[in-house]
Amino acid sequence: MTPAAQRGAAEDGARDRLSVARLSLTNFRCYAQLRLEVGPGPIVLTGPNGAGKTNLLEALSFLSPGRGLRRARLAEPDRRTIDGAVAGRWTVATVLNTAEGPLAIGTGREAGEDEGDSPRRVVRIDGAPKNSQSDLALKLSVVWLTPDMDRLFQDSASERRRFLDRLVYAFDPAQAGRIAAYEHRMRERARLLAEGRGEPAWLDALEDGMAAHGVAIAAARAQVAARLDRACVQAIGPFPQARLAMTGDVDAWLGDGPALLAEERLRHALAAARARDALEGGAAVGPHRSDLRVRFGARGVPAGECSTGEQKALLLSIVLGLAREIARERDRPPLVLLDEVAAHLDGARRAALYDEIAALGVQTWLTGTDDEFFAGLRSRAQFFRVLDATVTAR
């Protein structure tokens, strides 16, 4: 078989493994009702700003744990009337093509009997209710880039940690539970210290949990950062080689020795910082203080010092590296959501992006205002026009 044929066979096999076949929305943002049926290849959504393109990507992002690509509070996606009243609670439903056959996933907001009750997000997989959003990560990985992420390398370390943790979920869905458990213990410790009720036995127990979960969080991040670093070394054509590494006290301790020793060091550091943390709040040490360091490999320059175009290309290099790693390891490659990325790439990088999407066979949803940016996908993608919350095949 020729290399081209092998590449095509790999693409066909990957497309058979996972893709959205149908997307249904009810009362989601500007969509009262929507039923969109698509094939397994790339999906291009074009239309003017404010037409509803990003809302479709946001709906797909809720197929993963968390608050979606806009980090919305649970009730935010509810469709509103002109006077601002809630028209109805939002739901997102999909049918996925998988190697095992069709898989139905649904999620949305459910309130109590009264609208004033605390709302919660519900998840159903093949009709069966699930107790945790983490069940979504066992079935599907979703990764995205949006214009709001263009400043990722200038933003706070917390934004970079959040970005990396979403990538970690693709390989290790248990990371979400570790982070929730760690943050719960950290908040409880901070409350006890602030109230002056920090009995040593209580604090010891909380710090034991923080140390165990915290080192596990840092280890998962380090492992994925190292995998992506290796994958990005294989960056395609004009895309830069992004070099990734975690920095921070816990990360350094993990690099110096075994995880149990790192746990012990974190436990002692937390105990030693009780007086300071009581005054300042939070915790002075832990994985919540770590940072993701990204450098432009060819020049060794920190990503934050690169041009806007280079930073966008670095982000794409990381996302494509993730897609390659997941496709290599699992039968469920991720969905990739790219909001308004084509306009910020030069012609060579745009062509390389489209070639990589086709080669990976990963279903990618792209948005833009100008059809011309997607000319290189004309024979390889499905095109839809989005206008006033109406989606029409082109």
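User: Let's start with the open space here: what volume does the largest pocket have?

Analyst: The largest pocket has a volume of about 820 Å³. On a 1 Å grid over the protein atoms alone, a pocket is an open set of points where a 1.4 Å probe fits, with protein on both sides within 12 Å along at least five of seven lines; lining residues have an atom within 4 Å of a point. Grid points are joined across faces, edges and corners, and the volume is the space filled by probe spheres set on them. Keep in mind that this is a predicted model, where local features need pLDDT of at least 70, side-chain atom pairs count only at pLDDT 80 or more, and totals for chains, interfaces and linings use all residues. Residues are numbered from 1 along each chain as its sequence is written, and side-chain values use heavy atoms, with hydrogens and water left out.

User: Which residues lie nearest the centre of the largest pocket, and which helix gives the most to its lining?

Analyst: Gly66, Arg162, Tyr169, Ile179 and Glu183 lie nearest the centre, out of 26 lining residues. Helices H4 (157-171), H5 (175-195) and H6 (200-233) each supply at least two lining residues, and H5 gives the most, with 7. Helices (H or I, at least four residues) and strands (E, at least two) are DSSP runs, numbered from the N terminus. By class, the lining has 10 nonpolar, 8 polar and 8 charged residues. Here Ala, Val, Leu, Ile, Met, Phe, Trp, Tyr, Cys and Pro count as nonpolar, Asp, Glu, Lys and Arg as charged, and the others, Gly among them, as polar.

User: How much space lies in the second largest pocket?

Analyst: About 320 Å³. Of its 19 lining residues, Gly108, Arg121, Val122, Val123 and Arg124 are the closest to the centre. Strands E6 (91-98), E7 (101-110), E8 (120-125) and E9 (128-130) each supply at least two residues of this lining, which holds 6 nonpolar, 7 polar and 6 charged residues.

User: Now the sheets. In what order do E11, E12 and E13 lie?

Analyst: Strands of a sheet pair through backbone hydrogen bonds, either parallel or antiparallel. Two strands pair if DSSP finds at least two bridges between them. In this model, 3 strands form an open antiparallel sheet in the order E11-E12-E13. Its edge strands, E11 (242-247) and E13 (301-302), each pair on one side only. E12 (residues 291-296) joins E13 over 2 bridges, with Phe296 partnered by Val301.

User: In which sense do E10 and E14 pair, and are the E10 residues Val142 and Val143 buried or exposed?

Analyst: E10 and E14 (residues 335-339) pair in the parallel sense over 4 bridges, and Val143 stands opposite Val336. Along E10 (residues 142-145), Val142 and Trp144 point one way, Val143 and Leu145 point the other way, and all are buried. Buried means under 20% relative accessible area, exposed over 50%, and partly exposed in between (1.4 Å probe, protein chains only).

User: What about loops: where is Asp388, and where is Pro42?

Analyst: Asp388 sits in the loop between E16 (382-387) and E17 (390-393). Asp388 has a positive phi of about 50° although it is not a glycine, and it is exposed, at 66% relative accessible area. Ala389 is found in that loop between E16 and E17, with a positive phi of about 60° although it is not a glycine. Pro42 lies in the loop between E2 (31-37) and E3 (43-46) and is buried, at 2%.
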